[in-house]
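Please review the following briefing on side-chain contacts and surface charge, written for use alongside the sequence and the model.

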Amino acid sequence: MNPEAMNPEAKIQDIEFVPERSLSLETGRIAKQADGSVVARLGDTMVLSTATISDSVNESSFFPLTVDYREKFAAGGKVPGGFIKREGRPTDKETLTARLIDRAIRPLFPDGFYHDVHVVNFVISAGQDFDADVIAGVGSSAALMLSGAPFGGPFAEVRVGRVDGEYIVNPTMQQTEESDIDLVVAGKEDALVMVEGEAHEISEESMIKALDVAHRSIRRLCEGQHRLVEDAGEPEPFEWEADLVPDELVERMKEQYGPKVADHIHGPYSKETFHGGIGDLKDDAVDEVLGDDDETPEGYVASDIRDAIGEVEKAEMRKMIVEEGKRIDGRDQTDVRDLWMEVGYLPRVHGSAIFTRGETQVLGSVTLGTSEDVQPIDEVFADTDKPFYLHYRFPPFSVGEASYLRGPKRREIGHSMLAERALRPVIPEQDTFPYTIRINTDVMESNGSSSMASVCAGSMALMDAGVPIEKPVAGIAMGLVQQGDETSVLTDILGQEDHLGDMDFKVTGTRDGITACQMDMKIEGLSRDVMLKALKQARAAREHILDAMTDAISEPREELSEHAPRLTKLTIDPDRIGAVIGPGGKVVKSVQEETNTEITVEEEEGVGIVTIAATNQNDAEAAVERIKQIVAVPEEGEDYIGTVKGIRDFGAFVEIMPEKTGLLHVSEIDHDYVENVEDYLEVGDKVKVHLLEIHDDGKMRLTRKPFVSEENGKQGR
């Protein structure tokens, strides 16, 4: 049935972004009270994207954009786990997807726009072939186009994979698993605005090829959004006034304070003195311009004056970089700051490293665990547990702030995943190194690209822990300053260069290729040539850092830390898994307590796998022996040393193996007549017995007679 025939307001646009594969956009059917509303669909996966703009101006100094992305289990025909049975706080996947969309939207709004913008994405149908993240990106752009917002779109997001050398746009989830590239790319018709993803040591040329392939599909998706807006009717433009620092005030501050700002920017650099000096200049300007008044005759207040000095600072710094080829800390455009690093700093952890680059420092540590320590994943599109994960933390003291420690913010979750992706390609497979690996990176001080420092610290901490990674990984953050036709690409950007520049492009990799990247643009796009230049410049910096890392630790240690668990694996008959675990876990818990170990039992491809984690060899061997006893099958005619577990008038029950107990009948205790069993045996006694018979129901009949001398008569206890 034609949806438009049922609802004349509904407009649908099918966009063929690659041959024989289309994404559809629909508007006018649901959520019509939002300023813009679109349902985007690829296969059976559907996302409702809405855009709503506040009429009032937010009293903030930044663009108040909020992007939300939520996956409901009902969309995939699932029920959430846990007691409450409803979705809770956003998962890491939802947070990361919201960040991907936010970072593509933010640079496309004009400076001085301070109305709240809320973009919401609900996954309303979760198909089995396509993830919803990039679909939500396209839907968000189309919703903003229909809202009338002062939005410099459209943009589109696509995923690029490569299977057997063939590049695939928006691959299925199965194809993504088989791919050696997993990139999410956002762009406009004429330029890219955001890139994030991981790869298995690909070349810079392969990366550019992937971006070219992505951009072709992005153009088609943008054209389709234009057609949708035309069909639905051009929206009324949102009326607003730019809240910018007045040009007249900026010129006035430039005349009065430009030379002082220039002298300060060209002077000796440290983060503290640089920001302190600029702050003093702003204070002097406020005192001189305002005096004892709250505002000037033109209506300028203290914040306006400070912002105007900030604009003078920005212009002077950018001019120095582009025209003079100099940076505020005196480096050339391709220089990496001074490096210092150390491994094995923390005595009790399984592996540790300090990585310092200029005024950015990260302390990394590695913890090795068992399969019980994997990170459980319970999401709409994924349910595979993670045996490797990285957690990044950015405490306020790292930038000299007095604040509060709270749970991880969106930025920290994003940096955690970026560093994790960077290292994941070199992590050994579980069949060769069956540990769960957790990396923790704490930023000790920060002045630019703490996420890339986390990659370096994490890589060295892995080697210090003895994790047999294939090769070390390093990361570097690249910047960009564009003035007219002049463009400068900066290696290893400072925090101020990130703040006042036009790009933050993070690239990680080994000596053999790129493993992850993340690019954020603050201008409306980046050309292919500039992207390639940044990638090649990043490679040279990466190799420089890897040289320094190799001086600190050249390869993984041969032995694990004495504090790390030793893992021993046994294969058992899968039918014996229940015996090892026991009712309610009784058996395995008792073995763990007796041997001071941690034991996990699971079935893999029809084989029972028992993994024993111990801190010393004796405990491991004791646990192995106990497991072997449990899984062993009693055999008729064999002798055993058993433990008396119970005494009855008719005999004694003797446990010859864990959870395997047989009857030592009163007639089999001694050659002579036994009137009272307790004259011969007591609960807890160790007794040697012979297994006479195993009945069809599993009951066992034991005897002690072969081990009791007839000449001695009644041997007793």
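Lys 471 and Asp 512 form a salt bridge with their closest N and O atoms 2.8 Å apart, a salt bridge being a side-chain nitrogen of Lys or Arg within 4 Å of a carboxyl oxygen of Asp or Glu. The model is predicted: local features need pLDDT of at least 70, side-chain atom pairs count only at pLDDT 80 or more, and totals for chains, interfaces and linings use all residues. Residues are numbered from 1 along each chain as its sequence is written, and side-chain values use heavy atoms, with hydrogens and water left out.

**Salt bridges**

- Lys 471 sits in the loop between helix H10 (450-464) and strand E16 (474-483), and Asp 512 in the loop between strand E18 (503-510) and strand E19 (513-521), so that this pair links parts of the chain 41 residues apart (helices, H or I of at least four residues, and strands, E of at least two, are DSSP runs numbered from the N terminus).
- Lys 471 is partly exposed at 23% relative accessibility, and Asp 512 is partly exposed at 48% (buried means under 20% relative accessible area, exposed over 50%, and partly exposed in between, with a 1.4 Å probe and protein chains only).
- Glu 497 and Arg 327 also meet in a salt bridge, at 2.8 Å from N to O.
- Because Glu 497 lies in helix H11 (residues 495-500) and Arg 327 in the loop between H8 and strand E11 (339-343), the pair ties together parts that are 170 residues apart in sequence.
- Glu 497 is buried at 3% relative accessible area, and Arg 327 is buried at 2%.
- The whole structure holds 37 salt bridges.

**Aromatic contacts**

- Eleven aromatic pairs are found in the structure (rings of Phe, Tyr and Trp, the last by its six-membered ring, pair if their centres lie within 6.5 Å; planes under 30 degrees apart count as stacked, over 60 as edge-to-face and the rest as tilted).
- The pair of Tyr 269 and Phe 274 is tilted, because the planes meet at 55°, with ring centres 5.6 Å apart.
- Phe 274 is buried, at 2% relative accessibility.

**Surface charge**

- Lys 209, Arg 216, Arg 219 and Arg 220 form a positive surface patch (patch residues have over 30% relative accessible area and no salt bridge, like charges being joined within 9 Å and nonpolar side chains within 5 Å).
- Arg 220 belongs to helix H5 (residues 204-232) and is partly exposed at 34%.

Methods
Areas by Shrake-Rupley, 256 points an atom, 1.4 Å probe, with all protein chains shown as cover. Lys, Arg positive; Asp, Glu negative; His and termini not counted. Charge placed at Lys NZ, Arg CZ, Asp CG, Glu CD.
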